[in-house]
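Here is a friendly note to read with the model open beside you.

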Amino acid sequence: MSPYKDELTKAMTFLAEKEDTIFIGQQIVYAGNPMSTTLTEVPKEKMIEVPVMEETQMGMSLGLAMTGKSVITFYPRWDFLISATNQLINHLDKFEHMTDKMVNVIIRVGVGSKDPLDPGIQHRNDYTKEFKSMLQFTKVHELKNSKDIYTIYTTAYNEGGVHIVVEWPELYYKN
């Protein structure tokens with residue numbers, strides 16, 4: 001394993017140990033993308049596997065957070081998060097300011113890589129800058145250095161609110 005993937009696994013293990021956390025996304029119970037390989041220590045009963053329905057997944061994430069859960073929701077590529085943009089920008093981002101209640105949601109999103117397999121131009125875009133410009137209250141963190149991973153995830157959990165954590169899956173395989 002790489003230090004990057006090790007730190008992601010350590011952060012997900014930390015989150016899984018918290019009583020109030022729940023994990024939701026595609027290919028998390030049944031591994032199928034690089035992000036799912038960081039969940040080896042997360043109990044299956046803390047996971048909700050969803051089909052390809054990105055906007056509904058974001059709505060479910062908000063709904064679960066409204067019940068007091070700290071939600072970690074997975075979008076393996078920015079290109080998939082685009083389909084959840086309505087829920088993210090119009091509801092989740094502004095929830096606290098509309099209701100005076102805080103929800104805790106961590107959105108894991110990946111920048112698709114060309115290596116080891118190029119998924120095509122429609123699956124490897126980085127929309128970090130664009131989303132930062134559209135979101136008013138969501139904090140966006142970029143995981144460019146493995147040394148920052150654990151701290152960013154633990155801080156996002158402890159601070160609460162809505163956080164997008166941007167990952168580079170090609171770093172999962174580099175030493």
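1. The chain has 7 helices and 6 strands, where helices (H or I, at least four residues) and strands (E, at least two) are DSSP runs numbered from the N terminus. Along the sequence they follow the pattern α-β-β-α-β-α-α-α-β-α-β-α-β. The radius of gyration is 15 Å, close to the 16 Å that the globule rule gives for 175 residues, so the chain is as compact as a globular protein of that length. That radius is taken over C-alpha atoms, and the rule is 2.2 Å times the number of residues to the power 0.38.

2. Please keep in mind that this is a predicted model, in which local features need pLDDT of at least 70 and side-chain atom pairs count only at pLDDT 80 or more, while totals for chains, interfaces and linings use all residues. Residues are numbered from 1 along each chain as its sequence is written, and side-chain values use heavy atoms, with hydrogens and water left out.

3. Buried residues make up 51% of the 175 in the chain; buried means under 20% relative accessible area, with a 1.4 Å probe and protein chains only. Of the contacts (heavy atoms within 4.5 Å) with a separation of 6 or more, 76% join residues 24 or more positions apart.

4. The largest nonpolar core has 53 residues, and Met12, Phe23, Leu81, Ile107 and Tyr153 have the most contacts inside it. Helix H1 (residues 3–16) gives the largest share of this core, 7 residues. Such a core is a set of buried Ala, Val, Leu, Ile, Met, Phe, Trp, Tyr and Cys residues joined through side-chain atoms within 4.5 Å.

5. How many cavities of 30 Å³ or more does a search of the whole structure find? There is 1, and the largest cavity has a volume of about 50 Å³. Strand S3 (70–75), strand S4 (104–110) and helix H7 (146–159) each give two or more residues to its lining. A cavity is a set of points on a 1 Å grid over the protein atoms alone where a 1.4 Å probe fits but cannot get out, and lining residues have an atom within 4 Å of a point.

Key
Buried means under 20% relative accessible area, exposed over 50%, partly exposed in between (1.4 Å probe, protein chains only). On a 1 Å grid over the protein atoms alone, a cavity is a set of points where a 1.4 Å probe fits but cannot get out, and a pocket is an open set with protein on both sides within 12 Å along at least five of seven lines; lining residues have an atom within 4 Å of a point. Grid points are joined across faces, edges and corners, and a volume is the space filled by probe spheres set on the points.
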